[in-house]
Amino acid sequence: MAAGETQVYAKVNSKLKARSAASLLDPLLSLGFPAHTALKALAATGRKTAEEAADWLRCHCNDPSLDDPIPQEYALFLCPTGSLLEKLQEFWRESRRQCTKNRAHEVFPHITLCDFFTCEDQKVECLYEALKRAGDKVLGTFPPAVPLVLHSSVSYLGFFVNDSPADVIREFAMTFATEAALLADCTVKPCTKQLHLTLAHKFYPHHQRTLEQLARAVHPGHSCQWTAALYSRDMRFVHYQTLRALFQYKPQNVDELTLSPGEYIFVDPTQQEEASEGWAIGISHRTGCRGFLPENYTERASECDTWVKHRTYTFSLAMDPNPRKDGEASSRRNGELLPPPRPRSAGSLQALQAAIVRRSVLVVRHGERVDQIFGKSWLQQCSTPDGKYYRPDLNFPCSLPQRSNGIKGFENDPPLSSCGIFQSRTAGEALLDSGIRITSVFASPALRCVQTAKHILEELKLERKIKIKVEPGIFEWTKWETGKTTPALMTLEELKEANFNVSTEYRPAFPIASLLPAESYDEYVHRCAVSVEQVVSSCPQDGVILIVGHGSTLDSCTRPLLRLPPRDCSDFAQLVRKIPSLGMCFCEENKEEGKWALVAPPVKTLTHGSNSAFNWRNWILGN
């Protein structure tokens, strides 16, 4: 062991022996880990057990930053527990469901007591002592109930802590800062301004009323035992995005990351030039290794998901008739101890789910098209010499509808694949489960779009109640279509004969004959803007207007509603290529302000991998 490491070990060990007969550091040193990395592992895992720290070290054996002297950042929060926490968590869930995610959802319910600060790994134990001393000092004066007053503005909603209870909490924060400076040589800036528990922050202004209604269901008088909790985070990734892996991924190349479900990855949005479309460069939270990863295997995680909980100090423990012991079973999320779930009353759920029904527009891209999988020659693969259709692969549809120009007509108007039909039905089923109320449906005249709308309506049990209004004005940018003439699309009569419940009374903004071949980008975005304006004006009642179109539709039919200018043509093309099958955009109207806003879609995205063709003859011959 190096002389410097021996000195660090002796310094730390002398402090720990008085507290614990078996040092957490000793087992790690006996396994051959250097003292500085052992201390780093203990700090990164919250100094809970030597086993956790040893596992962390094994996972980070190839971490290029393992030997870097980079300390963790720490912060102290005052966190509610008990029934108040349950009500706050219900508010968190409902506000995100009804009003999409805002900045408050990045962190658990809390009152911030100090800014983030750094502490050397060998002095972390001293922070725990500082927390204990500060808590002991104010325990006798800590208020039995912390009064919370609701405050609301156009960008903030939360509870303020006022009067003498706020003074006691500030005293606790300042005492902790003083003790941390004396014991751990840390510079801690305590919170001296208005103490607050944030409910929502940086939300859309038209969601303020809904958020206020949900907040009124959270009564500050609910029983609560307040706990001061010390958390840490990796200071290198403060400004990174945090992603959570949804699926397992095995690297195909040496520069790719291994992913396991639930694993976290840090991604710097400003350093993605090297990554190709659909990929990202990230650093694994589990291993510290850097590499490429497929974006569609991940989802955005919350800021606090990778924070580590170190120690807590619970106030008014004697006042709790059913104190929770450390050994009692409890659910965990991000290190935050949560009470076990209990049945909610029907009245509570009804109060939280009393959403304001607004007029909304849900724009959906069609499902997987057959030529997307089998290429431009797909028609030759499934037609006989006499022009009859047959199914050469299970991902070809079972049959094709009749059309006047025969099977050749599908060449530039391809149908959904079998997987595309499955995707559409899955999305429809999810929309049914979400409880949204679709009042009208519009579709591009492309067969794949009309098919997608039909399958969604069937899963919603609305195929007989709602007719599909075919609007050629939202057809694909014709510059991207092959040929120099207007695309040969199925007529309304042909669609009706093929059992599509389309409306023959609807008068579109742009008849099919008015579509210009190889139109300019300006002509295309103007066509979509005029069309979506007519679509919305023809549906004045509240409810969801479903528009089924193309990848380009998600941008060209939402920006006019949001009063945004068209994108640059090159940016538009890059964006559209990234939109998957059944990709969705959801716009919601605020009638009071006469504005529309982009909000979270009512259902999750659909992600799946590829499945290549298999030839059993080649397999037999190859073996």
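Colleague: Is Asp185 buried or exposed?
Modeller: Exposed means over 50% relative accessible area. In this predicted model, Asp185 has a relative accessibility of 57%. That value is over the cut-off, so Asp185 counts as exposed.

Colleague: Which residue forms a salt bridge with Asp185, and is that residue buried or exposed?
Modeller: The salt bridge partner of Asp185 is Lys123, with the closest N and O atoms 3.6 Å apart. Buried means under 20% relative accessible area. Lys123 has 12% relative accessibility, so Lys123 counts as buried.

Colleague: How many residues apart in sequence are the parts that Lys123 and Asp185 tie together?
Modeller: The salt bridge joins Lys123 and Asp185. Lys123 lies in the loop between strand E3 (117-119) and helix H6 (124-138). Asp185 lies in the loop between helix H7 (163-184) and strand E6 (195-201), so the parts tied together are 62 residues apart.

Colleague: What separates Arg58 and Asp55 along helix H4?
Modeller: The side chains of Arg58 and Asp55 meet in a salt bridge at 3.1 Å, N to O. Arg58 is partly exposed at 47% relative accessibility, and Asp55 is partly exposed at 43%. Both belong to helix H4 (residues 50-59) and are 3 residues apart, which means a separation of about one helical turn.

Colleague: What is the relative accessible area of Asp371?
Modeller: The side chain of Asp371 meets that of Arg369 in a salt bridge at 2.7 Å, N to O. Asp371 is buried, because its relative accessible area is 19%.

Colleague: How many salt bridges does the structure hold?
Modeller: One network of salt bridges links Glu73, Arg103, Arg233 and Glu303. For the structure, the number of salt bridges is 28.

Notes. Residues numbered from 1 in each chain as written. Predicted model: local features only at pLDDT ≥ 70, side-chain atom pairs only at ≥ 80, totals over all residues. Heavy atoms only, no water. Salt bridge = Lys/Arg side-chain N within 4 Å of Asp/Glu carboxyl O. Helix = DSSP H or I, 4+ residues; strand = E, 2+ residues; numbered from the N terminus. Buried < 20%, exposed > 50% of the residue type's maximum accessible area, 1.4 Å probe, protein only.
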